[in-house]
Amino acid sequence: MFNKTLIIVIGLTISAFGQAETVPINGTVQSRCIISTDTVGVYGNPNSYTLTTTLSDGGVPAVTRFDVTLADAYYATITAPSEFSSSPSLPDVVTWTGDTEVQTVSNATTMGAYETNKIEYGMTDKYDLTATGSTWFKTSSLATMGGSKAYPGGSYTALVLAECIAQ
Amino acid sequence: MRMVILCLMMLTSYEVGAHEMTPTYPKLERSHVRGVYKSTLQIFNKRKDVEYYEIGVFDKKFKPIPFVTSYKVIHLKYLGHMTFDVYIREKDKRKAFYVCSRSKLRTESITKAAISSRICSKFK
């Protein structure tokens, strides 16, 4: 009798230890906008008084990618730089020009009209993200030193502001 | 050919940095403090060049609204997730329209056009 009980207890203990444990991996799917820095822009210096992201002048335009998982939920606004966030002391006023355009879209059928439907005000371009998918925006920038004075030697950084704003 | 280019761009894009904030439409709910409302958001940093994000609450015209959170500038390492609460007074609840996170960039010794990202969710 004692042996039988002992065997049952041992059996139950072993089975308890032998149980597999499950480790949950939780996740939620929800609408979102993701801003990715695809290409950080680089200023070329074709002459002493110009900094430009134009490829032929040694620059690289900044490319930003927007991924949207809900249609008609976000605006993308992209503002080209209008000042340096860091630079050496400058000898004159800098004149800024800049523009943003759609470089590529993941679905040309639903996103093909983004560029024609954009709203421009100043250095800012506003796009209505009416479809789900990815859009690549290319921003070019030109900074010309006043009086054709030379840019002092040093490093210069200007910021492209990429915003994804819920509608 | 277009598909190949698109696939290449998408593949290379996995290496680039991304900034993400959810939900798109957060709810303002009563907090444990009387007269104060709370909303919970998540932020994810996939930008190697960014370690700090600034939180802001704004009205419809993007004028700042007073709010409280644990840190207005969040330190978030690469691939880091963070859940944070935003507290707003009841009298500001109607005015509060957007809650935004903006990347803060470090000064570097390269002449470049850097990208500052800002994502704004809209209060329901």
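This tour moves through a predicted model of two chains, one selection at a time.

**Confidence**

Begin by colouring the model by pLDDT. The predictor assigns the complex an ipTM of 0.78 and a pTM of 0.81. For chain B, the mean pLDDT is 85, and 83% of the residues reach 70 or more. Next, select residues 1-15 of chain B, where pLDDT stays under 50. The model has six contacts beyond four places in sequence for this stretch. Where pLDDT is low, the predicted coordinates should not be read in detail.

**Chain A as a whole**

Followed along the sequence, the pattern is α-β-β-β-β-β-β-β-β-α-β-β-β-β. Chain A has 167 residues, of which 35% count as buried. Consider the contacts in chain A between residues at least 6 apart in sequence: 73% of them join residues at least 24 apart.

**The nonpolar core**

Which residues touch the most other members of the largest nonpolar core? Select C33(A), Y74(A), A76(A), V160(A) and C164(A), which hold that place among its 49 residues. The element that gives the most to this core is β12(A), with eight residues.

Keep C33(A) selected and show its surroundings. Beyond its neighbours within four places in sequence, C33(A) is in contact with F66(A), V68(A), Y74(A) and C164(A), and also with I119(B) from chain B.

**A residue in strand β8 of chain A**

Now select T100(A), which belongs to strand β8 (residues 94-105) of chain A. Is this residue buried or exposed? T100(A) counts as buried because it has 28 C-beta neighbours inside 10 Å, and 20 or more are required. Neighbours within four places in sequence aside, its contacts are I78(A), A80(A), D125(A), F137(A), K138(A) and T139(A).

**Where the chains meet**

Show both chains in separate colours. The contact between them draws 36 residues from chain A and 31 residues from chain B. On the chain B side, α1 (2-13), β1 (17-22), β7 (98-105) and β8 (112-122) each give two or more residues. Of these, β8(B) gives the most, with 11 residues. Sorted by class, this side of chain B has 14 nonpolar, 11 polar and six charged residues.

Select β8(B) together with strand β12 (residues 157-166) of chain A. These two strands pair in the parallel sense over nine bridges. To find one of the bridged residues, select T157(A), whose bridge partner in β8(B) is K112(B).

The last stops concern backbone angles. Most residues other than glycine have a negative phi, and most peptide bonds are trans.

Select T22(B) and P23(B): the peptide bond from T22(B) to P23(B) is cis, with omega near -5 degrees. P23(B) sits in the loop between β1 and β2 (29-30) of chain B.

Move to D72(A), in the loop between β5 (62-68) and β6 (74-79) of chain A. Its phi is near 55 degrees, a positive value in a residue other than glycine. D72(A) counts as exposed because it has 11 C-beta neighbours inside 10 Å.

Finish at F62(B), in the loop between β4 (50-58) and β5 (73-75) of chain B. Phi of F62(B) is also positive, near 65 degrees. With 13 other C-beta atoms within 10 Å, F62(B) is partly exposed.

How values were computed. Residues numbered from 1 in each chain as written. Chains lettered and ligands numbered in written order. Predicted model: local features only at pLDDT ≥ 70, side-chain atom pairs only at ≥ 80, totals over all residues. Contact = placed C-beta atoms within 7 Å. Helix = DSSP H or I, 4+ residues; strand = E, 2+ residues; numbered from the N terminus. Nonpolar A, V, L, I, M, F, W, Y, C, P; charged D, E, K, R; others polar. Pairing = 2+ DSSP bridges. Buried ≥ 20, exposed ≤ 12 C-beta atoms within 10 Å, placed from the backbone. Core = buried A, V, L, I, M, F, W, Y, C linked by C-beta atoms within 7 Å. pLDDT = per-residue confidence, 0-100.
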